[in-house]
Amino acid sequence: MDYGFLDFLQLLGALCVFIFGMKVMSDGIQKAAGEKMRSILSGMTSNRFMGVFTGFLITVLLQTSSGTTVMVVSFVNAGLLTLAQSMGVIMGANVGTTLTAWMISYFGFKVNILSVAMPLMGIALPFYFHKNSTYRSIAEFVIGFGLLFIGIDFLKESVPDIKSNPDILSFIQEYTQYGFSSILLFVLFGTILTVVVQSSSAATAITLALIAQGYIDFPIAAAIFLGENIGTTVTANLAAIVGNVHAKRAARFHFLFNIFGVIWVLAVFSYILNFIDWFLVSNFQLSPFSTDIAVRQQVMVFAIAIFHSLFNLMNVALFIGFIPLLEKLVIKVQPSKGVIDEEYRLEYIGTGLLNTSELSILEARKEIVKYGLRTQRMFGFIPELLQEQDKEKFESLLSRTNKYEEICDSMELEIANFLIKVSQEEMSEEGSHKVRSMLRVISNMEKIADICYQMSLSINRKNQDKAWFTQNQRDNLNEMFDLNNKGFEVMMSNLQAPEGKENIQKAVEVENEINNLRDRIRDEHFKSIEKGDYNIKSGLYYNSLYSSCEKLGDHLLNINEAVTGINLE
């Protein structure tokens, strides 16, 4: 079998068609569904059992569990699905792929989805030029769907044709005589085989060719199938490499779920094979362990299909009740460095395979919520700095505030760059408006971080100058801090609220309270200066802090205006 450089380039081209089709399909469905996609997916995965059914149905329709899991990883990357929701869908995809195995192994064929996809592309083409944007988006989805499966078909034709040349694998007979060690060896072989051909269905076909040639017996064939279940997880993990931490967690779950399944099946391997043998002998008087080679080869195809189905069904039945526990395990395996205060990393924004402008806006929104929480936490350091008497603890807090200011600057820059890239893509007018609003939000958040940093420096200089505040000054500042915290809570509530459910009125009320308190403090301050209640230096620091709090309140209101789309000026 010759496989040259030109064949390799054809393989890369096939992969290009596959990825491009996936991108076009995702663009279309996101433009057509937009914000509705979240509610659609949430409805389909409302509980773990609905999630399993959804994964099963999608895999049956797409005829590829890898395609389903890559889509799921991308949806998790965009925040359309939670990790727990994705787990059910991935479990269902594993069950769905058993139908493909039955078609290949028992019926001797696989549904040719291209025979459906190509006519659909022809029907969709006129609508691609329709004036109605929804029609255009749906047509784009259908055309992308067709391109995706053209790519899959090209991929199958471009991989080394082991299926038609099983003789090249005849050497494996030498490794079938080592008992359970041979089982483990062929689990590894099945894994590598699936990774190489990038298709569990193609690996299944190769395994059946090896059975037909008489190179392997039933236990070895079953071991290869176990390995194929591990190998098929590689595709989703490759897709997650460029995704965020949530996408990586979904991909890791797929891997761990299949690994755990393989481990427990290996522990009872002989019992499962004997059960399948008993079932076939009882009902068909045929045994996959028959000494008659012709009979054994005939029934092994059926036996392998039963083994594949049992493995996946029992795996789902065993682990579906432990999804919350598995979720905690995956989070521990793939921790988010972003939760560490002194480290910075964009957690939601990624470059997943299925990213579109609509998905990117959702990702940016989640990152902005995280940005808002960080500025809120940074402001919380200010009252602590004012009250801290221990010099070492004060220096530690001051250093932390400085670190937060650097992080906030980086977040503003990276989110802004991301949003600018998104705005250069084709998007609806509504999407463009959201991007402009988000840019205004992060600009004001960065200014809030700057104000907090300047306040921390003022408190540090005050301490160095030994300019102490009276109890009344401290009480007034604490009252102002409380109102600012109230403003942060309103801001976070609006940032996290569903679209159209934000409340600008509460933000206005808090801003008015801050302005009124500032006016009262300022009047009292000037009278106290005239009376000589405290020295000028102390008064300057006091004036700087309460004025900064009022400016901070202005930026909080600006953020609420941007989120709600209401300009109060």
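The axes of helix α19 (residues 471-496) and helix α21 (residues 536-564) come within 10 Å and cross at roughly 15 degrees. Helix α19 is therefore roughly parallel to α21, a term for angles under 35 degrees. Axes here are lines fitted to C-alpha atoms, for helices over the stretch in contact, and angles run from 0 to 180 degrees between N-to-C directions. Helices are DSSP runs (H or I, at least four residues), numbered from the N terminus. The crossing of α19 and α21 is left-handed; in such a crossing the near helix is turned anticlockwise from the far one by less than a right angle.

The model is predicted: local features need pLDDT of at least 70, side-chain atom pairs count only at pLDDT 80 or more, and totals for chains, interfaces and linings use all residues. Residues are numbered from 1 along each chain as its sequence is written, and side-chain values use heavy atoms, with hydrogens and water left out.

Contact means heavy atoms within 4.5 Å. On the α19 side, the residues touching α21 include Q473, L477, F481, F488 and N494. On the α21 side, they include Y542, L545, L552, I559 and V563. The residues of this contact divide into 15 nonpolar, 8 polar and no charged. Nonpolar covers Ala, Val, Leu, Ile, Met, Phe, Trp, Tyr, Cys and Pro; charged covers Asp, Glu, Lys and Arg; the others, Gly among them, count as polar.

Residue N494 lies in helix α19. N494 is buried, with a relative accessible area of 3%. Buried means under 20% relative accessible area, exposed over 50%, and partly exposed in between (1.4 Å probe, protein chains only). Leaving aside neighbours within four places in sequence, N494 is in contact with E502, N503, N560 and V563. N494 and I559 are 65 residues apart in sequence, yet 9.2 Å apart in space, C-alpha to C-alpha.

Helix α19 also meets helix α18 (residues 429-464). Their axes come within 14 Å and cross at roughly 160 degrees. The two helices are therefore roughly antiparallel, a term for angles over 145 degrees. This crossing is left-handed. V441, M445, I448, M455 and K462 in α18 meet R474, F481, F488, M491 and L495 in α19. These residues divide into 8 nonpolar, no polar and 2 charged.

Helix α10 (residues 218-231) has 14 residues. From first C-alpha to last, α10 reaches 20 Å, close to the 20 Å expected at 1.5 Å a residue. The expected span is 1.5 Å times one less than the number of residues. Helix α10 is mostly covered, with 14 of its 14 residues buried.

Definitions and conventions. Angles under 35 degrees count as roughly parallel, over 145 as roughly antiparallel, 65 to 115 as roughly perpendicular and the rest as oblique.
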